[in-house]
Amino acid sequence: MNPTLSLKDIQKSFGGVTAIQNFSLDLYPGEIVALVGDNGAGKSTLIKIVSGVHRPTSGDIALDGASVSFSDASAARSHGIEVVYQDLALADEQPVYMNMFLGRELTRKPFGLLDKTRMRSETQSLVDQLDVRIPSASSTIRDLSGGQRQGIAIARATHWASKLILLDEPTAALGVAETAKVEELVASLKERKLAILIISHSLDQVFRLSDRICVLRRGEQIGVRKTAETDKNEIIAMITGVHNE
Amino acid sequence: MIKAIDTIKSLDLQRSVIYFGFLGIFLFFAVTLHDDGFLTSRNLTNIILQTAPATIMAIGLVFALSAGEIDLSFGSIVAVAALSAAVAMQNGPMLYGVAAGLGAGILIGAFNGALVAYLRLPSFLVTLATMGLFAGIARSMTDLRSIPVLNDTFTGIFGSGRLFGVPSLVIWTIVAVIIGHIIYRSTRFGAHVLAVGDNARAAQVSGIKVPRVRFMVLTLCGATAGLAGLLYAGRLQAAKYTLGESDLMTVIAAVIVGGTALNGGKGSVIGALLGSLMMGMLNNGLILMGLQVSDQMIVRGLIILLAVAISLREVRR
């Protein structure tokens, strides 16, 4: 089976500063891989490379075995890669369904006017499927809770991603109950055979959700462990570089 | 049932302010100025005729504000557009005048838009500067002289003409509001305008071309100001550098009172129409009341202040 995403010897430098060096990782369908490391370890840079915001200085990106190169974020999106940002990237004053279709609005012949009815009903069925509880597809984002908003952001990514979802600290701004709900949602995406790369600061969360854990330190790939075969002490040691056996 | 509740909820409270305000002022004048002829169809039609240019500019401004931008230069654009049209028609056919007026508006709007979208200058400062720049250009174009517009077809279509008994300015207003409303509410462009004003980063990561939207809304403002210039020239049968000079406050107030958020992401074309008519009624009513110009300005300023304060309170919630 081809990996959904294959990163090989990815390197990225900004000016003279190396942000990522020799990073290689394969992600398979239905797999959740967590990317952990301290601030400045290069996690966000890596997400930006995969989502097409940055181009790697050298190295290969392959999707389903085919080598790709993204000129911008739209190119990555059209390859079935979606990102859920920490700050959600939702338009607060707009209804849920317009956010779900932001930049990809459905239109209706013959005048090319917005097909709000269809956007609403597709949104409704999607949030129902994913069990994101919101009053209605027409609710304004501003009126929703943090957990509901993150649910919408993830539902949107799920709707458009055909291969890969990148989650950048999806629960950083959420309370305990809301975090649990979002984790449930993320775990349920495995059944859709999507590959998921998640950045998280919470090791508890990483251990609850992930199949494998990839550790970065100062742009260097320290190692990849199967979650079932490692423990927090080992991961912390890898993150900090301090071994206290 | 749930759907009905949603519908009621989605009828933003904030937007109802303009309906109450509109009705309130209308009823007030209808009662107090009954004997002065406020309610005569002639007077009411007059209000619509007088507000037509402001309403059309307000439509452009709804788009600009919704996208998180502002245009302060439209008053100056009106003068340049009207003068361009008048000069072009001195020796040429009507079409030259229309092309010159609209063209001037679109070009100046595009100039504003390019500076804002592609040089990333704040629209407030750009249009503050171009407001002065084009006010100066309008003055120098004809050495402060007013240029008569003698082309009857032009003054008919853009001014005093009628179609099936309906004054052309009323038709312009209705057509512009309908088209503006449809573009705003029911096209991808309208959705992108709102998204950019609401959360530019979200719009950008969603693949919306944010600079293009900013460029377009300011160009649209220029275009509506150009059309407003044609309407002024048509109605007054002359163009002068003073045209549009006093519209800045009226149009901005009309748009804000009409429920468009000053910082983007939310707005209403219909609200702007009502806001503009409300400003027109105010003007008209204060004149009929026999107030002196200075008193009119004071009362109008206070009422606008009140109306804007109420509208913004509702927006903030």
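1. Chain A contains 8 helices and 12 strands; helices (H or I, at least four residues) and strands (E, at least two) are DSSP runs, numbered from the N terminus. The radius of gyration of chain A is 19 Å, close to the 18 Å that the globule rule gives for 245 residues, so chain A is as compact as a globular protein of that length. Here the radius of gyration is taken over C-alpha atoms, and the globule rule is 2.2 Å times the number of residues to the power 0.38.

2. This is a predicted model, in which local features need pLDDT of at least 70 and side-chain atom pairs count only at pLDDT 80 or more, while totals for chains, interfaces and linings use all residues. Residues are numbered from 1 along each chain as its sequence is written, and chains are lettered from A and ligands numbered from 1 in the order in which they are written.

3. The C-alpha trace of chain A spans about 60 × 40 × 35 Å along its principal axes. Of its 245 residues, 43% are buried. A residue is buried if 20 or more other C-beta atoms lie within 10 Å of its own, exposed if 12 or fewer, and partly exposed in between, with C-beta atoms placed from the backbone. Among contacts in chain A between residues at least 6 apart in sequence, 67% join residues at least 24 apart; two residues are in contact if their C-beta atoms, placed from the backbone, lie within 7 Å.

4. In chain A, strand β1 (residues 5-14) pairs with strand β4 (residues 58-63) in the antiparallel sense over 5 bridges. Strands pair if DSSP finds at least two bridges between them. Leu5(A) has Leu63(A) in β4(A) as its bridge partner. β4(A) is also joined by 3 bridges to strand β5 (residues 66-68) of chain A, and these two run antiparallel. Ala62(A) stands opposite Ser67(A) in β5(A). The hairpin of β4(A) and β5(A) has 2 residues between the strands, and in it Asp64(A) takes a positive phi near 50°.

5. Chain B has 14 helices and 4 strands. Its radius of gyration is 19 Å, close to the 20 Å that the globule rule gives for 317 residues, so chain B is as compact as a globular protein of that length. Along the principal axes, the C-alpha atoms of chain B fill a box of roughly 60 × 55 × 40 Å. Buried residues account for 51% of the 317 residues of chain B.

6. The axes of α9(B) and helix α11 (residues 210-236) of chain B come within 10 Å and cross at roughly 105°. Axes are lines fitted to C-alpha atoms, for helices over the stretch in contact, and angles run from 0 to 180 degrees between N-to-C directions. α9(B) and α11(B) are therefore roughly perpendicular to each other, a term for angles of 65 to 115 degrees. His192(B), Val193(B) and Val196(B) of α9(B) meet Val210(B), Val213(B), Arg214(B) and Val217(B) of α11(B).

7. The contact between the chains takes 19 residues from chain B and 19 residues from chain A. On the side of chain B that touches chain A, α1 (2-10), α9 (188-198) and α10 (200-205) of chain B each supply at least two residues. α9(B) gives the most to this side, with 5 residues.

8. Gln296(B) lies in helix α14 (residues 293-316) of chain B. Gln296(B) counts as partly exposed because it has 17 C-beta neighbours inside 10 Å. Not counting residues up to four places away in sequence, Gln296(B) touches Leu286(B), Ile287(B) and Leu291(B).

Methods. Angles under 35 degrees count as roughly parallel, over 145 as roughly antiparallel, 65 to 115 as roughly perpendicular and the rest as oblique.
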